[in-house]
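These are my notebook entries on one protein model.

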Amino acid sequence: MFWSFNSLAQNLVFDHYGLNEGLPQETIHCITKDEHGFLWLGTSDGIVRFDGHDFWTPLPDKKTNVDIAGYRICAINSHKNKVYIGTGQNGLLTINTDTEAIKQIYLSNANCTRIASNNTFVIGAYYNKGLVVIKDNTVVPLVFDKENPNEVSGLSIINKTTYVSSKNGSIYSFQLNTKTLNQTLILQKICEVPSQINNIVSIDNTLFICCNTGVYKLDNTSKLHKIKIQPKDFSEGFKVNDLIKIEDCFFVATNSGLLKCYLKDNVFTISKHFKANKKYDEYTINSNNVYTLFYDDDLLYIGNINLDIAAIKHNPVFEQPTDRFNLGDPSVFAVLDTKEYLFIGSSSGLIISDNRNPDNYKIFPEYRVRSFTKDNENHVWFATDKGAFAILLDNLNINTPKFIKLPVSPKNSFTLPDENLRSVYTDNNGNVWVVTYNSGFSKFVGSIKYNDLKFINYSSEAFPSLFTLSMIQDQNSNYWMCTQKGLSQFKIEENQFKLIKNYDETDGLVTRGVLSSFIDTNENLWIASRKGLNKYIPELNRFKFYGKRNGLTNAFVYNITEDENKNLWLSTNGGLFSFNVLEETFANYSPKDGIQSTEFNLGAVFKNTNNGNLYFGGINGLNIFNPKRIKELDIEGQLKFTNLKIKDYYVSPTLLNSVINTSIVNAKSVFLNYDDFPVNLSFSALDFRPNSNINYVYKLLPDDKEWNSLDTKNSIQLLNLSSKSYTLQIQGKSRNNLWQKPPLELKISVSPPWYKSNLAYLAYLLLFLSVVFAFYRISLQRQIAGQESKRLKDLDDLKTRFITNITHEFRTPLTVILGYLSNLKERFSEKDQVNTALNTIEQNSNNLLHLVNQMLDLAKLEQGKITLNTTQSDIIPYVKHLVNSFSSIAQEQSVTLKFESEIDTLKMDFDAEKIRQILTNLISNALKFSFENSQVTIAIETFSQF
């Protein structure tokens with residue numbers, strides 16, 4: 001049987017958000033939710049958006065020059081893609097949730113006290129300046145047949161009727177025809193309430209009036225009813241600001257706390273009064289002055305000096321039946337479910353509850369139960385600090401059960417040795433064992449049915465400690481005893497004790513302080529200890545340890561059991577943990593998930609094999625749950641981007657539309673410059689539940705192939721991305737499980753600097769091509785020049801060869817001519833005239849031959865084939881002779897030719913012919929280009945070095 005009753009009867013668990021959590025201004029007057037799922041809070045100093053992680057205050061609109069900050073927000077309403085905001089000093093404003101544009105509606109410098117809407121229109125009410133209706137961006141002031149309602153304190157729409165309340169107690173109504181908004185409306189005064197009206201609320205087509213003296217109800221016949229509040233202590237002087245109905249329960253916001261009531265016959269019966277106790281108490285509100293209430297998605301939002309959020313669970317995963325018993329001390333130490341009856345051992349006594357009728361239960365305060373077990377004779381055994389007792393389940397009357405006391409006597413070896421018991425256990429063979437606190441342990445060998453109450457006692461002296469806690473039997477008939485100083489393995493054969501081994505830290509146990517043991521369906525032995533979880537490895541006869549490094553964030557483990565999927569469940573001082581044995585991963589569950597407390601008690605564990613339910617007890621009661629429903633705790637949220645900052649400056653389409661052209665909430669892409677970094681992107685799953693347990697992961701495509709963990713951090717910083725296109729993906733994880741819905745995506749385009757832009761690269765390409773072309777031109781010109789040079793050289797070589805050849809041709813006939821001249825001179829030497837002519841011919845022929853030889857030498861010089869024919873001689877007289885040979889020529893040209901030498905003699909190696917050619921050319925040119933009466937000097941000087 002699985003306990004099920006209306007969860008609204010249970011205690012609520014509250015999350016608190018104040019200045020320390022980022023709320024920019026305390027005192028919340030109104031609350032709404034927009035179409036994207038963001039929560040909007042109206043405070044005494046402006047409006048705030050909340051995404052479950054962070055608070056955000058809208059920035060002033062630079063285009064309209066409208067700012068929301070600094071105004072007391074009296075009313076707030078979400079309609080389509082706009083949030084309508086009633087301010088105390090600046091009238092009615094709107095903020096477009098798609099563009100973040102802020103606009104003024106109708107009157108400024110006015111007090112807009114209330115806003116109401118339906119699917120068609122929005123109505124805004126001013127304190128003393130009438131009402132205005134907004135439909136399809138058309139704003140029309142309402143005109144009535146009589147004066148406008150003054151001091152408007154409430155506004156509500158029921159079907160086609162709009163109700164308006166005045167602070168002085170008057171209630172008005174009118175019918176609005178949206179097709180003819182400009183018509184004069186008939187304003188009807190319905191009734192007068194004898195108290196100041198703070199608000200009016202429509203619930204189930206009934207108008208509830210919140211007043212300084214309580215609550216009134218206006219039924220569909222316009223009859224006014226006073227709602228009494230019980231107990232009577234609250235009936236008078238009770239200021240009510242708001243109320244809301246959830247299923248059949250009403251929550252009432254008052255100046256004296258939050259009331260949870262049930263309405264019957266115009267009477268509010270208070271089932272729970274939540275009053276401020278201490279700051280940030282998770283079981284109550286933060287302030288008694290509750291101004292507003294808002295309900296959405298099973299969450300109750302409470303506006304007071306802070307924002308308080310409580311989960312209203314209609315069918316909670318973790319049931320807490322002990323809440324029904326009104327226990328003075330709800331701490332639970334043992335539990336047993338027999339299908340028909342639920343047995344609970346608590347600090348307030350033994351509780352027996354009828355599973356067929358949970359309202360039928362009985363508490364026996366004299367029994368402080370530490371452990372339960374059930375024997376094969378249908379008896380429930382329980383151990384206390386005053387001995388062991390048994391109850392027969394057959395024909396059990398829970399009001400008058402028969403308790404069978406098991407005998408205790410330290411002098412009788414066939415009875416229990418001590419009353420101070422720690423646990424009872426039924427082994428695989430049906431034997432019942434009783435473990436005392438420090439007097440050993442006992443095996444029941446009798447029969448309660450036949451009144452044979454006999455035990456066999458065993459000493460605990462062989463164990464590492466006399467203080468024993470609990471025992472268990474494995475599949476090999478070995479017993480394992482948990483003691484305060486270690487774990488012991490032993491056998492009982494023919495009722496004889498045989499110790500196998502005592503285990504401690506040297507065997508892999510993380511500590512000797514073991515608390516309990518468990519054997520799973522795969523026959524693995526698990527040990528709970530003060531410092532973590534241990535698993536026995538039979539092949540090694542050692543233990544493997546799991547602790548904080550493995551995800552067990554609180555290592556003080558009390559109890560272990562197993563669900564039907566073979567996952568382990570551990571109760572600790574840090575809540576409940578599930579352990580996936582195959583993946584070796586832990587998941588934690590806290591009071592925000594619905595468990596009784598973070599702290600559990602040793603021995604308070606049970607598994608119902610009939611339905612798979614698990615039972616765990618702790619300091620604040622008992623939890624019953626089915627692990628198959630655990631996934632209901634981890635709802636996949638609605639991921640949204642919430643904030644974009646460039647270099648720590650907020651970016652919006654109204655401020656920087658070159659980056660985004662819509663709010664980052666709706667944006668599919670952003671455009672960044674190369675120097676816009678660092679860029680910070682915030683996001684949220686819009687999960688406001690107190691038990692929210694979300695981690696985030698991300699990918700930046702195309703660079704990332706695997707998900708990168710952000711843990712619980714809901715923002716990511718981008719640094720110096722390369723200039724290209726990316727896709728940022730954000731995904732959620734709940735207790736190590738990746739969400740299945742598509743991830744949140746944002747396309748990011750990073751433009752390069754001008755010198756890396758496409759235009760720049762085109763310019764670089766053109767420049768490169770120009771340089772290549774220039775090099776080509778230069779190379780071509782060099783190639784042409786080289787070819788021209790080669791051509792000229794070839795021509796020169798051709799000329800040289802031609803000159804050489806023709807010179808050789810000249811030289812041969814000249815030589816012949818000179819040969820014949822020599823013969824003629826010998827023959828005609830005695831004839832003066834002929835001899836003179838022959839001398840002249842010879843002289844000119846020698847000159848011509850000399851010129852031909854010079855031309856040959858020049859050709860050899862150009863070809864690098866000239867050779868020196870050196871002889872050693874005195875160069876001074878040789879040069880002087882050469883100079884003197886030009887004396888006649890010098891005289892003819894009236895030029896003084898002079899030879900000078902520092903030395904008279906200088907013997908050296910030289911080529912006389914080459915020296916002659918050089919000096920002849922030099923002297924000839926010098927004389928040729930000298931003026932008359934000038935002087936040409938040929939001087940020989942010596943130098944020590946060159």
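Entry on cysteines. I looked up the sulfur of Cys-112 and found the closest cysteine sulfur in Cys-74, 7.5 Å away, which is too far for a bond, since a disulfide is taken as a pair of cysteine sulfur atoms within 2.5 Å. For Cys-74 the closest cysteine sulfur is in Cys-30, at 7.5 Å, again too far for a bond. The structure holds 0 disulfides. Cys-112 is buried at a relative accessible area of 0%, and Cys-74 counts as buried at 10%, where buried means under 20% relative accessible area, exposed over 50% and partly exposed in between, with a 1.4 Å probe and protein chains only.

Entry on conventions. I noted that this is a predicted model, in which local features need pLDDT of at least 70 and side-chain atom pairs count only at pLDDT 80 or more, while totals for chains, interfaces and linings use all residues. Residues are numbered from 1 along each chain as its sequence is written, and side-chain values use heavy atoms, with hydrogens and water left out.

Entry on Ser-346. I placed Ser-346 in strand E32, residues 341-346 (strands are DSSP runs of at least two residues, numbered from the N terminus). Ser-346 is buried, with a relative accessible area of 1%. A polar atom of the Ser-346 side chain lies 3.1 Å from the backbone nitrogen of Ser-348, and a polar atom of that side chain lies 2.9 Å from the backbone oxygen of Gly-349. Leaving aside neighbours within four places in sequence, I listed the contacts of Ser-346 (heavy atoms within 4.5 Å), among them Leu-327, Asp-329, Phe-333, Tyr-367 and Arg-368.

Entry on cores. I took a nonpolar core as a set of buried Ala, Val, Leu, Ile, Met, Phe, Trp, Tyr and Cys residues joined through side-chain atoms within 4.5 Å. The largest has 40 residues, and those with the most contacts inside it include Phe-318, Phe-441 and Met-471. Strand E44, residues 479-483, gives the most to this core, with 4 residues. Apart from it lies another core, of 33 residues, among them Ile-68 and Tyr-650.

Entry on domains. The domain assignment gives domain 1 (196-316), domain 2 (640-756) and domain 3 (867-945), with bounds that come from an automatic or database assignment. The C-alpha centres of domain 1 and domain 2 lie 41 Å apart, and their contact takes 6 residues from domain 1 and 4 residues from domain 2.

Terms used. A polar contact is a pair of N or O atoms within 3.5 Å; within protein, one must be able to donate a hydrogen and the other to accept it, and residues adjacent in sequence count only if both atoms are side-chain atoms.
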